[in-house]
Amino acid sequence: VLEGHAYDVDALTAFMDPATGVPRLVSGSGNDVRVWNPAAGSAVIEAEAGIVFSPRALVYHPPTLEALGQLGLMEDLTAAGVLKQQLLFKDGQGRDLAQIDYRHLEGRTPYPYNLHLGQDVLAGIVLQHLERLPGTQVLWNHRLTAIEQDADSITAIAAGPAGEVRLAGRWLVGADGASSGTRQALGLGFEGKTWPDRFVATNVVYDFEADGYARATFVIDADHWAIIVKINEDNLWRCTYGESADLPPEGIRDRVPENYAHFMRRMTRADGSPNYEIRAVSPYRVHERAADSFRAGRALLAGDAAHICNPCGGFGLTSGLLDAVALGHPLAAVFLGRQDEGILDRYAEERKRIFLEKTSPAASDNLRRFRERDPAKKAEDMARFRRLREEPEFNATVGSYSFNLASPELADPKLVTG
């Protein structure tokens with residue numbers, strides 16, 4: 001117990017990385033609860049010393065932007081990020097195949113575009129807003145080690161710089177990433193598969209637009225595929241590509257230039273020096289996995305702690321953010337006695353169903369399309385690109401897919417207000 005005291009709060013959130021779970025921070029640690037119950041306290045347990053700056057998913061789809069807008073964040077986020085209304089597909093020879101035009105969504109959403117923003121920037125903005133809420137605390141450098149619960153309360157036990165801390169509350173939301181200590185402490189399995197590729201996410205200063213790339217471009221090529229996305233107006237871009245996991249990991253950074261050569265037309269200046277500046281390199285493996293359950297008693301899982309998928313299309317990030325949206329009002333309603341705890345079972349069941357039936361299959365198909373070699377399936381993909389070019393309604397349907405990842409019946413404020 002830190003300094004001989006225990007913290008008593010109403011909502012606990014366990015984080016591994018705030019940059020990957022910001023909306024879980026907002027929802028799980030009581031922002032929606034705070035709106036409806038100002039007397040409730042909340043705490044965030046964070047293993048890191050501060051916001052993590054390594055390259056992570058950075059594309060936010062319209063339903064996510066709607067939720068962030070409801071939290072009053074969009075003015076700050078828009079000022080810091082890059083907006084895009086087209087997603088371009090190119091082949092390995094640099095030829096344009098098709099594009100998704102988000103302008104087809106005008107009239108359906110206030111945000112007919114995607115926002116590009118580093119998660120570290122999003123985390124910083126959300127943290128500023130969180131710190132304005134009374135009774136909310138973030139415990140940095142505290143790693144969750146155990147969970148105890150009974151019928152009426154749950155206690156998170158964390159190891160911090162000054163020793164053990166015990167936080168007793170009514171509910172705990174574990175949004176602590178793919179290696180979730182919350183999920184492990186609850187004894188929940190995480191079944192699924194690991195893809196054979198190694199993904200390499202890089203942040204690089206280079207003018208991709210001068211090479212004919214859009215603000216977001218998917219390069220479709222079985223040998224040299226890539227996701228190329230503009231991060232900010234200072235020409236910082238994310239270039240993510242795949243390589244064999246059999247290649248030695250110690251040579252990953254040395255191999256970056258030879259991979260860039262497949263996508264950059266102007267790699268060197270007249271004097272022979274590099275025409276780009278690498279800012280960050282982050283290799284990782286990708287998975288398709290889901291927890292056995294998203295609820296265990298008074299503990300709930302959200303985001304990567306509950307499910308993970310490959311990042312192609314941004315659907316994993318979107319689903320994780322929409323978990324928070326789906327959990328906020330039900331949890332507030334239970335706090336206030338407006339709903340019984342069964343609604344939290346609905347949350348757990350519905351969010352797992354959407355991941356297994358919508359999120360993971362769509363992300364998997366996106367990754368397959370990047371690296372497809374089978375002639376018959378490649379022909380089907382080319383037919384799909386042709387439809388995107390020629391059929392506006394089909395283009396709008398594909399562009400609006402992210403709305404299928406939401407749970408509007410759970411995100412309804414009437415659950416709280418009646």
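This is a predicted model: local features need pLDDT of at least 70, side-chain atom pairs count only at pLDDT 80 or more; totals for chains, interfaces and linings use all residues.
Local features are taken at pLDDT of at least 70 and side-chain atom pairs only at pLDDT 80 or more, while totals for chains, interfaces and linings use all residues. Residues are numbered from 1 along each chain as its sequence is written, and side-chain values use heavy atoms, with hydrogens and water left out.

Strands here are DSSP runs of E with at least two residues, and helices are runs of H or I with at least four, numbered from the N terminus; two strands count as paired if DSSP finds at least two bridges between them. On that basis, β4, β8 and β5 line up in that order as an open, antiparallel sheet of 3 strands. The edges are β4 (59-60) and β5 (82-84), each pairing on one side only. Between β5 and β8 (residues 114-116) there are 3 antiparallel bridges, and L83 has L115 of β8 as its bridge partner.

Elsewhere in the listing, β11 (residues 154-160) runs antiparallel to β12 (residues 163-169), with 7 bridges joining them. The link from β11 to β12 is a hairpin of 2 residues, and G160 sits opposite G163 in β12.

As for nonpolar cores (buried Ala, Val, Leu, Ile, Met, Phe, Trp, Tyr and Cys residues joined through side-chain atoms within 4.5 Å; buried being under 20% relative accessible area with a 1.4 Å probe, protein chains only), the largest has 40 residues. Its members touching the most others are W171, L300, L327, L331, L344 and Y347. Helix α8 (residues 315-335) is the top contributor to this core, giving 7 residues. A second core stands separate, with 28 residues including W225, I231, F370 and V398.

Key. Buried means under 20% relative accessible area, exposed over 50%, partly exposed in between (1.4 Å probe, protein chains only).
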